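Biologist: This one is new to me. Please walk me through it.

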Amino acid sequence: MNIIEIIEKKKHGLVLSKEEIYFTIEGMMNGTIKDYQISALLMAICLKGMNAQETTDLTLAMRYSGDVLDLSSIGMTVVDKHSTGGVGDKTTLIVGPIMAELGVPVAKMSGRGLGITGGTIDKLDSIPGFSSDVSDEKFMELIKTVGMVDAAQTKNLAPADKYLYALRDVTGTVDSIPLIASSIMSKKLASGADAIVLDVKCGSGAFMKDEKSAKQLAKTMIDIAYLAGKECTAIISDMNQPLGYAVGNLLEVIEVVQFLTGKRQNNRLLELVIRLCREMYVLSDMFEWLYKDEAIKHLDRRIHHFNFESKSFSDTDIIMECPEIYEDAYNRRAYSDINPDDILEQADPAVRFCESIKDDAIDRRVIDRLEGIIYDFIQGGRAYKKFKEFIAAQGGDVRFIESLEDDEKVKEIFANELSAQITAPNSGIITQMDAELFGRASLELGAGRITKEADIDPLAGIMLDKTVGDKVEKGEVIGTIYSAEKEKIKNAINILNEAILVSEEQYNKE
């Protein structure tokens with residue numbers, strides 16, 4: 001076996017064996033296979049593709065190139081949520097506390113932002129005292145005690161992926177579905193979660209610009225998870241406009257606080273959060289316990305708050321009735337039999353659902369009630385309480401978080417940051433807020449980084465007062481931008497003026 005034969009084989013569109021793929025990754029890591037040879041293979045893969053088994057073998061070879069977390073001692077199904085990256089995407093900071101409060105353990109390893117895509121760790125690092133540098137022991141402890149953890153990816157987590165990504169970036173082989181999917185899933189599988197919910201972004205501010213490629217990526221990743229023995233589902237969500245009101249780091253944390261306290265909630269963000277939570281819950285042990293365990297009949301038709309340390313329920317808060325469900329419905333999930341051409345046809349435009357559960361598997365009333373629970377946990381403040389517990393457990397200043405509830409205290413935090421308002425050029429309806437241009441503006445303001453080593457300004461970014469579909473009058477404030485430098489403010493305004501369209505025609509029709 002040698003790398004030249006492997007390159008030739010893929011060049012002719014033939015299927016690589018597991019042994020050939022593992023041989024290649026091992027040789028790449030120990031230096032016996034050279035960069036130019038790996039680059040040639042990457043181009044052959046980009047042009048000829050890979051089938052589901054090849055892509056899974058590549059993913060697992062990358063997974064086992066470094067550390068792999070073992071979360072089996074948790075004793076429950078641990079769930080992870082992954083977004084393929086977008087502009088203003090702060091869902092992890094909302095979804096995690098909701099699921100933990102519902103009794104679903106959540107283990108995440110997040111990344112930092114690069115380019116126009118924001119990073120969850122950058123957002124968390126804007127909170128004084130918060131530490132994303134978590135040892136394996138601490139990682140496990142936080143899952144057991146708090147119910148969730150979000151740590152920075154370790155240097156030895158799927159190191160082969162870092163090596164391949166660096167080569168893809170300079171060889172024109174980034175836009176390959178098998179290579180994208182294996183890159184994402186190698187890290188997810190190495191992180192140790194038993195079940196994964198994928199949020200595949202689609203639109204101008206996402207890597208996947210069109211629905212067809214987003215569907216293909218979603219199906220490929222679901223196939224990988226299935227063949228790797230993991231449960232997985234995916235949704236495809238819109239990224240043609242920023243998600244929510246804030247784009248930045250601390251600004252997005254502020255929106256999270258406003259969202260979880262019920263002070264201000266963007267409808268698109270709320271819809272996506274509920275959908276993601278729903279999928280995570282269905283993949284969890286809690287779903288099985290709720291509808292299979294006969295003990296539920298003796299609990300006065302109540303679900304109780306879950307204690308992670310004792311793995312038991314306390315007697316607080318009636319949440320929902322227990323409706324009937326088809327027998328063994330939780331076990332009837334579809335993975336590799338999903339046809340990408342059949343996915344999403346009936347989905348709404350804001351959040352498109354890639355079905356991992358058979359349409360007839362679950363009584364619709366169960367799903368409606370489950371979504372009602374999630375909504376109540378948000379509006380009732382329980383998720384916010386868990387969010388603060390999560391922040392405190394990783395060293396964050398909870399008093400600082402609570403200060404973000406007060407508009408006057410927020411103004412004090414931003415007192416030394418330069419700002420400018422974005423106003424409507426004319427009266428009308430906002431018909432466009434291009435997510436890619438918003439991401440570029442945020443990057444220009446200092447909220448993002450062009451290279452991995454670059455510093456960011458945690459206060460920089462954009463806070464919107466209006467979003468797509470809102471009516472505005474000429475000169476009315478659409479949003480406020482923040483930066484440490486005047487020149488950056490000026491450049492960002494020019495970008496945002498191009499990003500935002502206000503239609504007088506739509507206004508006159510109304």
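Modeller: Let's start with a helix pair. Helix α5 (residues 91–101) packs against α15 at an angle of about 105 degrees, and their axes are 8 Å apart. The model is predicted: local features need pLDDT of at least 70, side-chain atom pairs count only at pLDDT 80 or more, and totals for chains, interfaces and linings use all residues. Residues are numbered from 1 along each chain as its sequence is written, and side-chain values use heavy atoms, with hydrogens and water left out.

Biologist: What counts as a helix, and what is an axis?

Modeller: Helices (H or I, at least four residues) and strands (E, at least two) are DSSP runs, numbered from the N terminus. Axes are lines fitted to C-alpha atoms, for helices over the stretch in contact, and angles run from 0 to 180 degrees between N-to-C directions.

Biologist: How is α5 oriented to α15?

Modeller: The angle makes α5 roughly perpendicular to α15. Under 35 degrees counts as roughly parallel, over 145 as roughly antiparallel, 65 to 115 as roughly perpendicular and the rest as oblique.

Biologist: Which residues make that contact?

Modeller: From α5, they are L93, P97, I98, A100 and E101. From α15, they are R382, A383, K386 and F387. Contact means heavy atoms within 4.5 Å. By class, the residues of the contact of α5 with α15 divide into 6 nonpolar, no polar and 3 charged. Ala, Val, Leu, Ile, Met, Phe, Trp, Tyr, Cys and Pro count as nonpolar, Asp, Glu, Lys and Arg as charged, and the others, Gly among them, as polar.

Biologist: And how do α11 and α15 pack?

Modeller: Helix α11 (residues 250–260) and helix α15 (residues 382–393) pack at about 140 degrees, with axes 8 Å apart. That makes α11 oblique to α15. V256, V257 and L260 of α11 meet A383, Y384 and F387 of α15. This contact of α11 with α15 has 6 nonpolar, no polar and no charged residues.

Biologist: Which residues of α15 are buried?

Modeller: They are R382, A383, Y384, K386, F387, K388, F390 and I391. Buried means under 20% relative accessible area, exposed over 50%, partly exposed in between (1.4 Å probe, protein chains only).

Biologist: How far apart are the ends of α15?

Modeller: Its end C-alpha atoms are 17 Å apart, which agrees with the 16 Å that its 12 residues should span at 1.5 Å a residue. The expected span is 1.5 Å times one less than the number of residues. Just after α15, G395 takes a positive phi of about 90 degrees.

Biologist: New topic, the core. How many residues are in the largest one?

Modeller: The largest nonpolar core has 106 residues, and those with the most contacts inside it are I98, M99, F139 and F387. Helix α12 (residues 267–282) gives the most to this core, with 10 residues. A second, separate core of 22 residues includes A181, M185, L189 and C202. A nonpolar core is a set of buried Ala, Val, Leu, Ile, Met, Phe, Trp, Tyr and Cys residues joined through side-chain atoms within 4.5 Å.

Biologist: What does F139 touch?

Modeller: Neighbours within four places in sequence aside, F139 is in contact with L69, L71, A107, K108, M109, V134, V149 and A151.

Biologist: Zooming out, how many helices and strands are there?

Modeller: The protein chain has 20 helices and 15 strands. Buried residues make up 56% of its 510 residues. Among contacts between residues at least 6 apart in sequence, 79% join residues at least 24 apart.

Biologist: Now the loops. Where is S132, and is it buried or exposed?

Modeller: S132 lies in the loop between α6 (120–125) and α7 (136–145). At 6% relative accessibility, S132 counts as buried. Leaving aside neighbours within four places in sequence, its contacts include R112, D150 and Q394.

Biologist: Where does R112 sit?

Modeller: R112 is in the loop between β2 (106–110) and α6. It counts as partly exposed, at 44% relative accessibility. R112 and Q153 are 41 residues apart in sequence, and 9.0 Å apart in space, C-alpha to C-alpha.

Biologist: Last one: what is the phi of A158?

Modeller: It is near 45 degrees, a positive value in a residue other than glycine. A158 is in the loop between β3 (148–152) and α8 (159–171). A158 is buried, with a relative accessible area of 0%.
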